[in-house]
Amino acid sequence: MTDACIRAVVESIHSSPTQAVLYLSGGASLALGLLMSVPGASNTVLEAVVPYSRMSMIQLLAKIPAQYCSQQTADEMALLAYNRALKLSSPGSPVLGVGFTGSLATSRPKLGDHRFHLSTRTSNRHWASTVTLSKGLRSRDQEEKVSSYFLLKAIANACKVSSTFDSELTESDVNDECERFFDEDQELEQLINGQICFKVYPFSSGKSNSDRKIILSGSFNPLHDGHLKLLEVATSICGDGYPCFELSAINADKPPLSIPQIKERVMQFEKIGKTVIISNQPYFYKKAEHFPGSAFVIGADTAVRLINPKYYDGSYNRMIETLSECKRTGCIFIVAGRNVDGSFKVLEDYDIPQVLKDMFVPIPAERFRMDISSTEIRKSRGM
């Protein structure tokens, strides 16, 4: 196998639209080096983490695994990597999570098998493989070459690019693999259950070079002109960013939306060609973790609740601490005027704490004022 052949596959991976997060432990350093050595790696690799020590793995998984080198651990790593890729990726890009853990030859003879476990996760596919290598057939470097080539082929397959090179497994090596595909309903069920953090429906035809999302959150029951105009004005104020709507399937004080309800509301955005994200977080401090660096578009009524200690167990300090954490993610709030208790209020009507003021950007009333509400529309339609 030639270096040129490997390089061609890596270049194909980097030219695909897929963006990936890799969690690799124990025997994949060659693969990582090959991925990062070819120009264009930043198009694909959002983050690569090597949780090599036991404590590093414990912190990654947030638990002590039953086995550090196992298919279950690789699967959990891949799911964590997939969720991380969702948070770091460019809006609308397909994402990939990769988990790898191996126990290969060392300077001392091993009692157990020489093996590696690999898992890849995309929006609609989970692929897993356990490879047991013939003991004593190869040196450590040779075993790592096999595991790295196998890993590169798996990444190429997940990115839907061809890989013509041989992963160099022999007839005496054992490869046990399985594959599962998910339909839309299963993806949404995983989101409601908290396995995945959000799902993007990239209906917008326009593209943005910015990684920043400009997000208008709501229930959109129904979506109306006020929502569309507000996001349009907020996007013009930000100057750069990818405008999208966000609907949480989980509500703070109501039952979760059903899958048919979610799909019905998503159809509204498909009809008008606007991107919508379905998340599982009703609170803005959690949305900030899911969408770091984003600009959230809110009304003045929401802004005043954000800074009200009442919603932080009555603690002013906890409110400051919580919103400061949002600030550290790079998030800001674009605030539109709203009717509050019968009068029109704008951001300047409220006393924002000094330490948080640069997080809140007002939309001038002359740029946007629309008193329409989803509640009124539902009433007018007899809903």
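Helices (H or I, at least four residues) and strands (E, at least two) are taken here as DSSP runs, numbered from the N terminus. The structure is a predicted model, so local features need pLDDT of at least 70 and side-chain atom pairs count only at pLDDT 80 or more, while totals for chains, interfaces and linings use all residues. Residues are numbered from 1 along each chain as its sequence is written, and side-chain values use heavy atoms, with hydrogens and water left out.

Helix H6 is a handy place to start. Glutamate 144 sits in this helix and is buried, because its relative accessible area is 10% (buried means under 20%, exposed over 50%, partly exposed in between, with a 1.4 Å probe and protein chains only). Setting aside residues up to four places away in sequence, glutamate 144 touches Gly27, Ala28, Ser29, Leu30 and Leu104, contact being heavy atoms within 4.5 Å.

H6 (residues 140–158) also packs against helix H1 (residues 3–15), at an angle of about 35° and with the axes 10 Å apart. Axes are lines fitted to C-alpha atoms, for helices over the stretch in contact, and angles run from 0 to 180 degrees between N-to-C directions. The crossing of H1 and H6 is left-handed, that is, the near helix is turned anticlockwise from the far one by less than a right angle (clockwise would be right-handed). On the H1 side the contact is made by Ile6, Val9, Val10 and Ile13, and on the H6 side by Tyr149, Leu152, Ile155 and Ala156. Sorted by class, that makes eight nonpolar, no polar and no charged residues; Ala, Val, Leu, Ile, Met, Phe, Trp, Tyr, Cys and Pro count as nonpolar, Asp, Glu, Lys and Arg as charged, and the others, Gly among them, as polar.

Next comes the sheet. Seven strands form an open sheet in the order E7-E10-E9-E8-E11-E12-E15, with mixed pairing; two strands pair if DSSP finds at least two bridges between them. E7 and strand E15 (360–362) stand at the edges with a single partner strand each, so one side of each has no neighbour in the sheet. From one strand to the next the twist averages 30°. Strands E8 (residues 213–217) and E11 (residues 295–299) run parallel and share three bridges, with isoleucine 214 bridged to alanine 295 in E11.

Helix H8 (residues 225–238) packs on this sheet, touching E8, E9, E11, strand E12 (332–336) and E15, and its direction makes about 150° with that of E8. H9 packs on the sheet too, touching E7, E9 and E10, at about 160° to the direction of E10. Buried in H8 are Gly226, His227, Leu230, Leu231, Val233, Ala234 and Thr235. Glycine 239 follows H8, with a positive phi near 85°.

For H9 (residues 259–272), the buried set is Ile259, Ile262, Arg265, Val266, Gln268 and Phe269. Their cover includes helix H7 (184–192) and strands E7 (198–201), E9 (242–248) and E10 (276–279). Just after H9, glycine 273 has a positive phi of about 70°.

Finally, leucine 356 lies in the loop between strand E14 (343–345) and E15. At 0% relative accessibility, leucine 356 counts as buried. Beyond its neighbours within four places in sequence, leucine 356 contacts Met319, Ile320, Leu323 and Ser324.
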